[in-house]
Structures are given as structure tokens and as C-alpha cells.
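Please read this briefing with the sequence and the model side by side. The points are grouped by topic.

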Amino acid sequence: MRALDDKTSKARNRRAIASWNYESNITSYNENVNLQVALEVAEEQKEYWKDTMSYLWHEYQDPDLKRMFEKYSKLGTAALPEDLNERLLQAVSNMQSNYAKATICDYNDKTKCDLHVEPEVTNIFATSNNADELKHTWLEWHKAAGAVSRGNFTEYVAMYNEAAKLNGYDSVAEWWLGEYEEPDTESQFSDLWAEIKPLYQQIHAYVRRLLRIKYGEDVVSARGPIPAHLLGNIWAQTWNNLEKFSRPYPDKPEVDVTANLLAQNYTALQMFKVADEFFTSLGLIPMPDLFWERSIIEKPDDGRDLVCHASAWDFYDGEDFRIKQCTVITDAFFKTTHHEMGHIQYYLQYKDQPVIYRSGANPGFHEAVGDVIALSVATPKHLRKMGLLQDGPDDTESNINQLYKMGLDKIVFLPFAYLLDLFRYGVFRGTTTNEDYNCHFWQLRDTIQGIEPPAPRSEDDFDAAAKYHVSADVEYARYYISYIIQFQFHQALCQLAGEYNSDDSSQLLSNCDIYQSLEAGQALSNMLSLGSSKPWPDAMEVLTGTRKMDASGVLGYFKPLHDWLKAENERNGEFVGWEPSTVPYC
Ligand SMILES: C=C(C[SeH])C(=O)N1CCC[C@H]1C(=O)O
Ligand SMILES: [Zn+2]
């Protein structure tokens, strides 16, 4: 096992270096080297795999050894014959490169056609109140980043499904769901959504009313879905840019730190240093020197093409861990910095595990670590401690405003994250074919998320690929699960930090800040250091004492807001829920 571990560590290290070089500087040379290294490593893995499978590991009694062999037995895409693996890698590389290089023309200045999704398109959606500008930008981005990738996506699905079958799965859908290691994972996901949906419908109805007032009845209907281009985000996945004009108590101060970050001349490096200090205040591991030397934390200004979408990297040598993000000094990026640093902390916590166990207990765990920390950072109490928020009232109205701001990020995100992989499960299983990609995508957006496209859509479009993770082959249920379990983790950590007691209604979970709690830090470390060496319920139990992913955390956290929204929607006679869209999209 030791020898296999070393070989696997070196192989993964080689792959990570080639991928990093390509994604941080997209040239045809770097793209080809990345492809070649991936193919070479796949051939090496095939050799190790034949040798590993020569052992009668199914008979082993030692559960740990058996778990390791079980994980090694999944060869992944390396199971493909080399020519099919090359086609798969090329298809993903084409989509990823297209997404990274995609640019559109500005609405106001038709000669300015160098707008990327980060930072320009993101900034337009954060600041514009011009429905026509937003519609133009939405349509242009979905054409440049989505429709173009339809052919490569179809090739990717075919090759990836071949690999799934060679790994013993009916399709990639079962492979992705298999990463959660429970036979009823798919119904667990659906049951969780059924519990959360009523809360989402309330915030959806409240926001739709205010958008109707702002843009008028003929743009935002009273009983229909909300047009996707009016929600402050190019994918309509989080709506926090609507907080300014829609918070429940507008006369109470807004809780957005962007202005203060800028006023205090925060740099990207300072945001990273502040995030690092929160983790070390819990007794967790500081970012190593190599991290500060090799990370890319701002968009390079040398005109290169690169993948700007934030990412955290493990180079599987126990020393080299990096973040790559095109940081902009905003409230949103302050959160993203903590999110990415949560990945690095997890890598550091399990770096002494066998390589095969150096991953999250399940994919949702990895996405939850940084967000759990950010739940404490985002409290007015903590932001004031950091001098990022003026002193202000700590009354019920302010708490509702705070919960609303959090809800525009966390509640709103859940149906989006859930449907993105419902869509791809259908594609991988063949119930959605390339004749109805866009029709089925918008049926899910309409029925589950209650949003509609700003203009008619057809199969000349392919809007799903305009989302990074679809173009870059990144599974997305991990975020859906993260946004549920992070509240279970937060509750456990807050109790350990003495910041929350379920019997004491005066201590709100949404006002808990675990900063400097060594007890909380130790409990978190005890869970993270396991990596994927144990089934995720064991890891969950170490921190929370429970073995289930359940919605009680998120529903408990937002209960005061849920009650307020119900009363407010009733008071306004607002229709809760939505009728099917009348915009043609099939
Ligand atoms: C920040 C990352 C890198 Se793992 C990310 O992709 N996230 C974090 C929130 C959800 C998802 C997204 O941006 O769509
Ligand atoms: Zn992440």
C-alpha cells in the first residue's frame, strides 16, 4: 500500500502542476501539455490498477484496508481506452477555454467588446438598475459562454458515460451520487428540498413584489416566475445585490462591508491575511509560506487568458497548497476568500492521511468548511469587532435585516444548486437529449427556482453551459449539500463556543461568532483531519453528534425570517409560489 500511495501522490502532483499551469495561463502549449500529462498519468494508473486488483481484497476483514482498496478500485476516467479519454479531456478543455476566454460587448459602448464574466459582467449585475442593459448583458453572455459549447458538451456526456459504465455505474449520474456513499442519496436530496421549499417560496414572493414595484407589472408579474436578469447575478443563483433596495427595515443601517473595505484601502492580500487569522484564532493551521508564494490572488494584468473562477488546489505532496482567484474588493469576495481558505484548511488537516483518503468526507463537506467560518464573520457583532461595520442597533428589526441578507445568499441558492445537477442527471441518464437540453433546463428553472428567461429560448441556445461548473465538469450537488450541512456544523460549533444554547431563545444562531474559540476549533479539526477515511456519517457525528444531513439547521437559523416573511406576504396579499412561465423556451 505504501508504494501505491507514493506512486499515486506523484501522479496526482504531476496532474495538478500541469492543470495549474494551464488554468493560470491558457496557451495552446499549456493546454497540450496538460492533455499529454493527463493521458500519461491515466496509462500509469491503469498499470497500478491491474496490480491492485490482483489482490483478493473483497475477502479482507480489516475495514480500513478494504475501504482503501474499494477506493483504488475506482479507476475513474482512466478506465477509458486512451483515444476515448483524449476525446473526453479535449471536450472539457475546449469548454473550459471557451468559458475563460468568452467576452461580450458593452451595452452602452458597442465598440467595447472585451468584457469577461469576471469582473465586468459580475459588476454590471451588481450595480445596474437598467433592465435593458441587464437583458442585453444576460443574452450576450449566454450566447458567448453557453450556446458555443453545445457540441463539446454532447461529446463530453458520451465519453464520460462510457467511463461511468467501465467503473460499474449505469451513468455518470449514479457515479456522482455514489460519492455520497448512501443508497438513498437521491431521495435524501429530494426530501431536503421538500422541507426547504416553503421557506424559499416566501422569500421569492417577497422579492418578486419589490421587483414588480421597481420595474413595473409588465416586466415582473404578480403570479409568475421572476425574470432571470433582474436578480443581481448573471446566473440568478444568489440575490444579495438586491439587499440595498429590498431589506425589510430600510431605515436600519445596511450590513454591506464593501464600502468600508474600500474606505480602509483593503487589498486582496489583507483579505487573505484576515481570513487566515480567523482560522488560526481557532487553533487551526496557518497558511504555509509556500501558499503565500505560489497562490494567485488577483487577476494578472499581463493580458493573459486564465480561469478566473475561484479555486483551491492540493498538490498532494503535503506541502504545496494554493488558491487562484481574481479578487475584487467586495463583500462577496470577502466571503469567497474564506470559502477558498476553508478548502486549504481541509487539505492541511488531512495532509498526513494516505493519499486515497485526501478528500472531503463527502463533496459537500469540502464546500462547507470556509462557509461555516464565514457565517461567524458575517455577523454584525464580528464585523464591528473588525472595524468593518459602524456601531448600530441590535434590535429585532436589525436582526431580521441581517437574516434577510443571509437569506438572499443561502436560501435563494438552494433551488439553483439542486436543479443544476437534476438537469445533468437527466442528461447523463438520457432522459434529456441534445434535442431538448435547453427546454429541460428552463423547465427546471421555472418549476423549481421560479425564474424565467428574459427572452424566448430555443435549442440554438445552451444556457446551462453559461455556468462555470457545467463548462468545467464540476459536480454541483456538493454546494446544495454544503448550504444545508454548514448550518448543522455552525450550530454544533456555536454550542461548543458557548455562543448558542437551544434552550436560551435570547442567543440567536444568526448572531453567533465562534472567533477565538479553541474548543470549536478542536472539534472542527477532529472532523476535518479524517478526510474521507471514514464514511461521512462518522465524520458528521464527530462534530455534531448526529449522522444525518438534515434541514433542521438551516430552518432553525432562518425561523425568525420565515415567520416575518409569511406575515409580510400575507399583509401585502402577495401570491406565494408561481404559475408556469409564459415565455417560450421549449
Ligand atoms: C467559490 C467557488 C469555488 Se469551489 C464556487 O464555485 N462556488 C461557491 C458558491 C457556489 C459556487 C459558485 O460560485 O457557483
Ligand atoms: Zn468551494
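The chain contains 24 helices and 4 strands. The model is a predicted one. Of its 586 residues, 59% count as buried, and 4 disulfides are found in it.

**Overall form**

- Along the principal axes, the C-alpha atoms fill a box of roughly 70 × 55 × 45 Å.
- Among contacts with a separation of 6 or more, 76% are between residues 24 or more positions apart.
- The accessible surface comes to about 22900 Å². Carbon and sulfur atoms account for 50% of that surface.
- The side chains include 55 positive and 87 negative ones. The centres of these two sets are 0 Å apart.

**Disulfides: the pattern**

- A disulfide is a covalent bond between the sulfur atoms of two cysteines.
- When the bonded cysteines are numbered in sequence order, they pair as 1-2, 3-4, 5-8 and 6-7.

**Disulfide Cys105 to Cys113**

- The sulfur atoms of Cys105 and Cys113 are joined at 2.0 Å.
- The torsion about this S-S bond is about 105 degrees, so the disulfide of Cys105 and Cys113 is right-handed.
- Cys105 has a relative accessibility of 24% and counts as partly exposed.

**Disulfide Cys308 to Cys326**

- Cys308 and Cys326 form a disulfide with an S to S distance of 1.9 Å.
- The link of Cys308 and Cys326 is left-handed, with -90 degrees about the S-S bond.
- Cys308 is in the loop between helix H13 (289–294) and strand S2 (311–314), and Cys326 is in the loop between strand S3 (321–324) and helix H14 (331–349), so the bond ties together parts that are 18 residues apart in sequence.
- Both Cys308 and Cys326 are buried.

**Disulfide Cys439 to Cys586**

- Cys439 is joined to Cys586, with 1.9 Å from S to S.
- About the S-S bond of Cys439 and Cys586 the torsion is about 90 degrees, so this disulfide is right-handed.
- The bond links distant parts of the chain, 147 residues apart. Cys439 belongs to helix H18 (residues 437–449), while Cys586 is in the segment after helix H24 (559–571).

**Two buried residues in helices**

- Leu524 lies in helix H21 (residues 518–528). Its relative accessible area is 3%, so Leu524 is buried, as the cut-off for buried is under 20%.
- Leaving out residues up to four places away in sequence, Leu524 touches Leu284, Ile373, Leu493 and Leu543.
- Leu524 and Tyr72 are 452 residues apart along the chain, and their C-alpha atoms are separated by 27 Å.
- Thr137 is found in helix H6 (residues 131–145). With a relative accessible area of 1%, Thr137 is buried.
- Which residues does Thr137 touch, not counting residues up to four places away in sequence? They are Ile104, Val121, Ile124, Phe125 and Ile234.

**Backbone exceptions**

- Most residues other than glycine have a negative phi, and most peptide bonds are trans.
- Glu118 and Pro119 are joined by a cis peptide bond, with omega about 0 degrees. Pro119 lies in helix H5 (residues 117–127).
- Ala236, which is not a glycine, has a positive phi near 60 degrees. Ala236 is placed in the loop between strand S1 (226–227) and helix H10 (243–246), and at 0% relative accessibility it counts as buried.
- Tyr316 also has a positive phi, of about 60 degrees, although it is not a glycine. Its place is in the loop between S2 and S3.
- Why does Tyr316 count as buried? Its relative accessibility is 19%, and buried means under 20%.

Definitions and conventions: Residues are numbered from 1 along each chain as its sequence is written. Chains are lettered from A and ligands numbered from 1 in the order in which they are written. This is a predicted model: local features need pLDDT of at least 70, side-chain atom pairs count only at pLDDT 80 or more; totals for chains, interfaces and linings use all residues. Side-chain values use heavy atoms; hydrogens and water are left out. A disulfide is a pair of cysteine sulfur atoms within 2.5 Å. Buried means under 20% relative accessible area, exposed over 50%, partly exposed in between (1.4 Å probe, protein chains only). Contact means heavy atoms within 4.5 Å. Accessible areas come from the Shrake-Rupley method with a 1.4 Å probe; for residues, only the protein chains shown count as cover. Lys and Arg count as positive and Asp and Glu as negative; His and the chain ends are not counted. The place of a charge is taken as NZ of Lys, CZ of Arg, CG of Asp or CD of Glu.
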